[in-house]
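My notes follow as numbered points, to be read with the model open beside them.

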Amino acid sequence: MIRNIIFDIGNVLADFCWEAFYRGLGYEGEVLERLGRATVKSPVWNEVDRGVWSEEELVEGFIRNDPAMEPEIRRIFQNVHGMVSRREYAIPWIRSLQEAGYRCYYLSNFSCKAHTECADALDFLEYMDGGILSYQDKVIKPQREIYQLLLDRYGLKAQECVFLDDTKKNLPMAEELGIKTILFQDREQAMEELKELGVDTP
């Protein structure tokens with residue numbers, strides 16, 4: 001029986017809208033593509049979420065990917081407020097599941113900077129029963145440790161959990177630990193799959 005619903009955050013409960021954020025600063029076309037490759041599409045981005053490097057080390061890492069873009073990269077990361085936007089259904093969905101008797105947790109690769117500067121878009125976190133933001137524990141999905149840490153920290157039984165994530169590579173390790181998984185596409189699809197697992201989805 002499923003008792004615990006574990007949510008990824010980005011593109012599940014909130015939108016990670018980096019492209020719109022960059023465009024809002026006036027970057028388009030080839031410049032936009034170069035900035036994306038140098039930052040959010042770069043392996044350095046994993047270190048943003050891991051929370052080990054300092055902010056300046058991260059910015060320097062992005063700059064090394066495309067030195068000619070240094071002024072633009074520094075401007076982008078002065079403040080990232082607006083890069084994350086809460087989905088309207090987030091709080092009502094969480095509360096309806098809790099009212100039906102389920103506990104709701106979050107398990108997300110997330111940076112300290114985004115957590116701090118996009119706090120208004122993450123107001124749903126206070127409604128949840130707990131969770132892990134990767135930067136706080138210096139471990140990221142799909143490493144086994146982050147899933148096990150969530151289970152251990154909250155005394156959860158893997159077979160009583162289902163994990164929703166929009167990134168396929170984050171699911172196999174959860175399954176290996178005995179957690180049911182759903183590859184999230186949209187809320188309606190996720191609710192249908194939850195129902196198939198016996199979850200009452202009001």
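In what order do the five strands form the open sheet?

1. The order is β5-β4-β1-β6-β7, with parallel pairing. A note on the basis: this is a predicted model, where local features need pLDDT of at least 70, side-chain atom pairs count only at pLDDT 80 or more, and totals for chains, interfaces and linings use all residues. Residues are numbered from 1 along each chain as its sequence is written, and side-chain values use heavy atoms, with hydrogens and water left out. Strands (E, at least two residues) and helices (H or I, at least four) are DSSP runs numbered from the N terminus, and two strands pair if DSSP finds at least two bridges between them.

2. The edges of the sheet belong to β5 and β7 (180-183); each has a single partner strand, so one side of each lacks a neighbour in the sheet. On average, neighbouring strands are turned by 20° against each other, direction ignored. Axes here are lines fitted to C-alpha atoms, for helices over the stretch in contact, and angles between N-to-C directions run from 0 to 180 degrees.

3. Have a look at β4 (residues 103-108), where five of six residues are buried (under 20% relative accessible area, 1.4 Å probe, protein chains only). Four bridges join β4 in parallel to β1 (residues 4-7), and Ile 6 has Tyr 105 as its bridge partner in β4.

4. Three bridges pair β4 with β5 (residues 131-133), also in the parallel sense. Tyr 106 has its bridge partner in β5 at Gly 131. From β4 the chain passes through helix α7 (residues 112-117) to β5 in a right-handed β-α-β crossover; that is, with the strands pointing away from the viewer, the path from the first strand over the helix to the second runs clockwise. Opposite Ser 108 stands Leu 133 of β5.

5. Helix α9 (residues 144-154) packs on the sheet, touching β1, β4, β5 and β6 (161-165), and its direction makes about 140° with that of β5. Helix α11 (residues 187-196) packs on the sheet too, touching β1, β6 and β7, at about 155° to the direction of β7. Contact means heavy atoms within 4.5 Å.

6. Finally, Asp 165 lies in strand β6. Is Asp 165 buried or exposed? Asp 165 is buried, at a relative accessible area of 0%. Beyond its neighbours within four places in sequence, the contacts of Asp 165 include Asp 8, Lys 141 and Phe 184. Its side chain also makes a polar contact of 3.3 Å with that of Asn 170 (N or O atoms within 3.5 Å; within protein, one must be able to donate a hydrogen and the other to accept it, and residues adjacent in sequence count only if both atoms are side-chain atoms).

How values were computed: Buried < 20%, exposed > 50% of the residue type's maximum accessible area, 1.4 Å probe, protein only.
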